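Here is a short walk through one protein chain. Keep the sequence and the 3D view side by side as you read.

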Amino acid sequence: MKAYIYTLACPTTNNVVYVGETQHPLLRFNMHLGQQQTISVVRDWISYLKEIKLTPLMNVIDTVQDTEADYWERFYIHLFRSWGFDLLNFTTHSTFNPHYNKAIKPQKLAIVEKYRAIYNALQRR
C-alpha cells in the first residue's frame, strides 16, 4: 500500500511548518483543519490561521511504500530542519509521544508566535 509524505506550509510565506505521513492525504488534511490534531502547537497554529481567515497549504512531497513511511517521514523532517525550517514537529516521528520533553513546547510555541507576528505585519500592509 502507498503512503504519502506531506508538508503543511504557511499560506503567506510558503515556509514549511510541519512534515507528516498519511495513507489518505485529503482525509488527513481535513483532520488537521478540523483540529483533530494531537500536537497542540500545530493545532494552535492552524487555529490562529483560521482566526485570520487563512488555511495552511498541504503539499504531498513523496509517495512511498507504507512499510517505509516512518523512515521517509523522519528523513524529510531532518532534511527540512537541515535547510533551516522551524518545524513544529515535536519528534522525528509522526506518532505523538506522550513522554516528549516538556521543555520543547515553549520553543515550539515561540515558532507559532513568530508566524503570528509575520501574519500581523502582513495584515497591517
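This is a predicted model: local features need pLDDT of at least 70, side-chain atom pairs count only at pLDDT 80 or more; totals for chains, interfaces and linings use all residues.

In which loop is N14 found? N14 sits in the loop between β1 and β2. β1 and β2 form a hairpin, with 6 residues between them. Within that turn, N14 has a positive phi of about 65°. Most residues other than glycine have a negative phi. N14 is also exposed, because its relative accessible area is 53%, and exposed here means over 50%.

K53 is not a glycine, yet its phi is positive, at about 65°. K53 lies in the loop between α2 and β3. With a relative accessible area of 73%, K53 counts as exposed.

Now step back to the whole chain. It has 4 helices and 3 strands. Along the sequence they follow the pattern β-β-α-α-β-α-α. The chain holds 125 residues, and buried residues make up 37% of them. Its accessible surface comes to about 7000 Å², with 54% of that belonging to carbon and sulfur atoms. Take the contacts between residues at least 6 apart in sequence: 60% of them join residues at least 24 apart.

The sheet comes next. In what order do the 3 strands stand? The order is β2-β1-β3, in an open sheet with antiparallel pairing. β2 and β3 (57–65) stand at the edges, each with a single partner strand, so one side of each has no neighbour in the sheet. From one strand to the next, the twist averages 20°. Strands of a sheet pair through backbone hydrogen bonds.

Each pairing can be followed in turn. β1 and β2 pair in the antiparallel sense over 6 bridges. On this side, I5 stands opposite E21 in β2. β1 and β3 also pair in the antiparallel sense, over 8 bridges. There, Y4 stands opposite T63 in β3.

Helices cover this sheet. α1 lies across β1, β2 and β3, and runs at about 35° to β1. Helix α3 (residues 69–82) packs on the sheet too, touching β1, β2 and β3. The direction of α3 makes about 170° with that of β2.

T7 gives a view from inside strand β1. T7 counts as buried because its relative accessibility is 2%, and the limit for buried is under 20%. Leaving aside residues up to four places away in sequence, T7 touches V16, Y18, V19, L57, M58, N59, I61 and F80.

Which residues have the most contacts inside the largest nonpolar core? They are L8, W45, I46 and L88, in a core of 15 residues. The elements that give two or more residues to this core are β1 (2–9), β2 (16–22), α1 (25–33) and α2 (40–51). α2 supplies the largest share, 5 residues. Apart from this core lies another, of 10 residues, among them I5, V19, V64 and A69. In soluble globular proteins, nonpolar side chains tend to be buried together.

The aromatic rings make the last stop. The structure holds 7 aromatic pairs. In one of them, the rings of Y71 and W72 have their centres 4.9 Å apart and their planes at 85°, so this pair is edge-to-face. Y71 is partly exposed, at 47% relative accessible area. W72 is partly exposed as well, at 25%. F75 and Y76 form another edge-to-face pair, with 5.1 Å from centre to centre and 85° between the planes. F75 is partly exposed, with a relative accessible area of 34%, whereas Y76 is buried at 14%. Y71, W72, F75 and Y76 form one aromatic cluster.

Technical notes. Residues are numbered from 1 along each chain as its sequence is written. Side-chain values use heavy atoms; hydrogens and water are left out. A nonpolar core is a set of buried Ala, Val, Leu, Ile, Met, Phe, Trp, Tyr and Cys residues joined through side-chain atoms within 4.5 Å. Buried means under 20% relative accessible area, exposed over 50%, partly exposed in between (1.4 Å probe, protein chains only). Contact means heavy atoms within 4.5 Å. Accessible areas come from the Shrake-Rupley method with a 1.4 Å probe; for residues, only the protein chains shown count as cover. Two strands pair if DSSP finds at least two bridges between them. Axes are lines fitted to C-alpha atoms, for helices over the stretch in contact, and angles run from 0 to 180 degrees between N-to-C directions. Rings of Phe, Tyr and Trp (its six-membered ring) pair if their centres lie within 6.5 Å; planes under 30 degrees apart count as stacked, over 60 as edge-to-face and the rest as tilted.
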